[in-house]
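Reader: I'm new to this one. Can you show me the structure, and then I'll ask about it?

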Amino acid sequence: MDKMAIKGGFTLNGSVATSGAKNSALPILFSTLLAEGEHQFSNVPRLKDIDSTAELLRSLGCEAYWKNSKENSGPNEFVVKVEKLKSLEAHYDLVRKMRASILCLGPMLAKYGEAVVSLPGGCAIGTRPIDLHLDAMKALGAEIELKDGYVIARVPQASKRLKGANVLFEKTTVGGTENLMMAATLAEGVTTIENAAKEPEIVDLARYLNSMGAKVTGYGTSVIRIEGVAKLAASKYEILPDRIEAGTLLIAGAITGGDVTVEKCNPHDLDALVTKLRESGFKIDLGANSMRVHPNTKFVAVDITTAPHPLFPTDLQAQFMALMSVAEGTSVISETVFENRFMHVTELMRLGADITPKTQVAVVRGKPMHQGKFLTGAPVMATDLRASASLVLAGLVAHGETVVNRIYHLDRGYEQLEVKLQKLGAQIQRAN
Ligand code: EPZ
């Protein structure tokens, strides 16, 4: 099993480009189920989760493949050809690899009037139920049955068409908003989503739906309106840059006291992170599609609280904790989105970080290097995607060698992270 070996103490400098966004590509690839024809995408990141999505789409009867080979340095182009599906069942063996597979529910239900999707099961960062997804489908008139670990969803009406409705989410949910938005595109009448998620990935999905002929408005705000249409058509689209990868790379520069520019990104998708880095003492320059962090080895501790967009993203909480573990002073990190997203804490403590974790709050007493304090390299275990990124960041500054095990977690959401960090001067190797 692959692991990552990192020699700490090297300052990162230079520029690096961001890949396409995993959390945008996944729902957009599932939205292809809404329309027959050839869907063409560019800037699709080469990730394990994209391969899992392709495998699931193929199991339903689609063709899904990379247009250009891995070796080709051009933009990653991906094609999904959809004809009448040969199956409406998303099997457990595929869904258990990736929770986001639940996003095939809305499109299949809306397009074919039925869908059988395995329940996603547990996750390291929280129970992550899908009750809000199912309630939303019921609000559009679907009958939902849970049987043998599967969601069996049907549209009872002879018309086999969902009916538009007003849905107020009691909790802001990215996946729930995406599933409902997709289902509502082919429903009869108008659907209004209140307390909708406002993440940039929601905006990207809505833009692809509209390029297929849907009528979605209000995306990016907490009230989304969808006027259902009878039919959609396959289209072409370029996936949004990955703001979480961009944030991770910016923190990599910051934590090593380096001068790093992250290119091909949307800086304003990361206003919350940039605000906190500036509060911590970093000088950050924002370009139209780039962010630059200037060297600072005397940065100070700041508190963060994760929350739905545009507030501080939960997917950058672990990486920011790594930074705070070598800041001057004490920071309080509150995780409000997931109930169990501190799995990286004990691993950071193996590197010598001084952290007191409580249920969803962690107190981090920083060890600033300019005061001669430091983390020390050790073997550590990745537990989930963003936790693995935080261990890599901590390894960049820990004295000696850090070995991060189980980096298959990292490969789910980062395209060749070690290659990008090597380009900036990191001493990092993938080891089998
Ligand atoms: C998306 O997950 C992202 N995944 C996550 O990124 C991200 O952390 C999360 O949004 C929050 O930003 C993808 O886009 C593929 P939610 P999602 O529904 O849609 C609860 C990463 O690292 N909830 O917004 O699953 C849920 O348990 C991943 O790339 C219900 O209670 O997140 C959580 O506490 C990790 N019932 C909260 O809402 C529901 O039916 C927010 O979850 C749905 C959600």
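This is a predicted model: local features need pLDDT of at least 70, side-chain atom pairs count only at pLDDT 80 or more; totals for chains, interfaces and linings use all residues.

Reader: Start with H4 and H6. At what angle do their axes cross?

Author: Helix H4 (residues 105–112) and helix H6 (residues 174–184) cross at roughly 15°, and their axes come within 7 Å. Angles under 35 degrees count as roughly parallel, so H4 is roughly parallel to H6.

Reader: Is the crossing left-handed or right-handed?

Author: H4 passes H6 in a right-handed crossing.

Reader: Which residues meet there?

Author: From H4, Leu 105, Gly 106, Pro 107 and Ala 110; from H6, Asn 179, Met 182 and Ala 183. In this contact of H4 with H6, five residues are nonpolar, two are polar and no residue is charged.

Reader: Other topic. What lines the largest cavity?

Author: Its lining consists of Ala 21, Lys 22, Asn 23, Glu 201, Asp 242, Ile 244 and Arg 386. Four of the lining residues are charged, two nonpolar and one polar.

Reader: What volume does the largest cavity have?

Author: About 30 Å³. The structure holds one cavity of 30 Å³ or more.

Reader: Now H11 and H12. How do they pack?

Author: Helix H11 (residues 343–350) packs on helix H12 (residues 385–397) at an angle of about 20°, with the axes 9 Å apart. H11 and H12 are therefore roughly parallel to each other. Their crossing is right-handed.

Reader: And which residues meet in that pair?

Author: His 344, Glu 347 and Leu 348 of H11 meet Ala 387, Ser 390, Leu 391 and Ala 394 of H12. The contact of H11 with H12 has four nonpolar residues, two polar and one charged.

Technical notes. Residues are numbered from 1 along each chain as its sequence is written. Side-chain values use heavy atoms; hydrogens and water are left out. Axes are lines fitted to C-alpha atoms, for helices over the stretch in contact, and angles run from 0 to 180 degrees between N-to-C directions. Helices (H or I, at least four residues) and strands (E, at least two) are DSSP runs, numbered from the N terminus. Angles under 35 degrees count as roughly parallel, over 145 as roughly antiparallel, 65 to 115 as roughly perpendicular and the rest as oblique. A crossing is left-handed if the near helix is turned anticlockwise from the far one by less than a right angle, and right-handed if clockwise. Contact means heavy atoms within 4.5 Å. Ala, Val, Leu, Ile, Met, Phe, Trp, Tyr, Cys and Pro count as nonpolar, Asp, Glu, Lys and Arg as charged, and the others, Gly among them, as polar. On a 1 Å grid over the protein atoms alone, a cavity is a set of points where a 1.4 Å probe fits but cannot get out, and a pocket is an open set with protein on both sides within 12 Å along at least five of seven lines; lining residues have an atom within 4 Å of a point. Grid points are joined across faces, edges and corners, and a volume is the space filled by probe spheres set on the points.
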